[in-house]
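I opened my notebook for a new protein today. Here is what I looked up, one entry at a time.

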Amino acid sequence: MPDNHLHRIGRGLRRHWRRTWSTWATRAESGAVVRLIAAAATAGVPAAMLLDAWAEDSRGGQGTRLEKAARLLRQGATASEAIAAVPGLVQDDHAVAVAFGERTGLLGPMVQTALAGDDLLTSRPGRNLRGDVGYLVFVVGLLLMVTAFLAVAIGPQLMFVLDDLGAIRPAVFEQWLSVVRLLGGIAWAPFAVVAVALVIRLSASLRRLLLRPFRRPRRKAAAFDLLAVAIDAGLPPCEAATTLAACHVDPRLKASLRKVARSGALGADLAAAGLANPAEAAHIDADAASGTLVMHRIAANRRTRLGRRGQVLRETLVPAAVVMLGLLVLFQAVAVFSSLTGLIDELA
């Protein structure tokens, strides 16, 4: 199947999921919320009024969350307090950018920096990978249903006829029967997987726990950008890191940020805290006057590497899965048709 057609099917499945279920804010929805909040703060316009108007045109779940956030803002809550009180309104790293921006008085620059980082990460290969995974799940479900039909309706009939004629069952047919019996013993597994997926989808805390190791590299890159903005604004690196740690949701990254010392060498401090490797630290300290610009470049390089890894994963995972599914279909076809061939030979 052509690549663009496969992506189109996966994108359609995701769109149906989002319309059917009250999922948490997508990356685009989350970015739009924090962009509106930052613009309202910069212009001195109450964000509550804008969120209320936006809620009327939003899908069910996100519209409800926007209404709750607007109500909290009218009651005197800050933007970060409203975001924390309405789970799912924005994604975690966007919430960190808003909270850090409020504490440093740099809400606009922090949000702009976070969204600029998203532009580097939200690449087409990453979106295609999610679509391809959804498509593969759909195809695997169809394959399991076809296998169950063959095992329940076709296999027993073939065995009965072959045994009645005294014909020898083909070896590949016997192997297929063994595989079917094995799958029958774990028939509960797909339902368990679906149940776990639903729990993960609906439980924010569990989803954060499971995805935290995969999202940490992206969050480290975002932390570099946010720290660079704060340091450019005149905050000491130690104070900026401590403030960012208080806003963060990743415990390991929070602990690393709190380790940033006051030695005076920014790169060395970041390396000692585990936020930068020795080469990056040396690059930052080589030109102290442009250290924050180097931090932005390091963050961009990290995001570029993450994007490349996602592309390599997609280019490896999808073909391998398609080949495996094709081999399974071929195995079943050979098993069934070899038994039919043997049956025809006996009748002849």
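This is a predicted model: local features need pLDDT of at least 70, side-chain atom pairs count only at pLDDT 80 or more; totals for chains, interfaces and linings use all residues.

Entry 1: I looked up L313 and found it partly exposed, with a relative accessible area of 45%. For my own use: under 20% is buried, over 50% is exposed, and partly exposed lies in between (1.4 Å probe, protein chains only). L313 has its place in helix α16. I noted that helices are DSSP runs of H or I with at least four residues, strands are runs of E with at least two, and both are numbered from the N terminus.

Residues are numbered from 1 along each chain as its sequence is written, and side-chain values use heavy atoms, leaving out hydrogens and water.

**Entry 2: a buried alanine.** Is A228 buried or exposed? I found A228 buried, with a relative accessible area of 0%. A228 sits in helix α11, residues 204-232. Which residues does A228 touch, leaving aside its neighbours within four places in sequence? I listed T292, M295 and H296 as its contacts, a contact being heavy atoms within 4.5 Å. A228 and T292 are 64 residues apart in sequence, yet 4.8 Å apart in space, C-alpha to C-alpha.

**Entry 3: the whole protein.** I counted 16 helices and 0 strands. Of the 348 residues, 40% count as buried. Among contacts between residues at least 6 apart in sequence, 64% join residues at least 24 apart.
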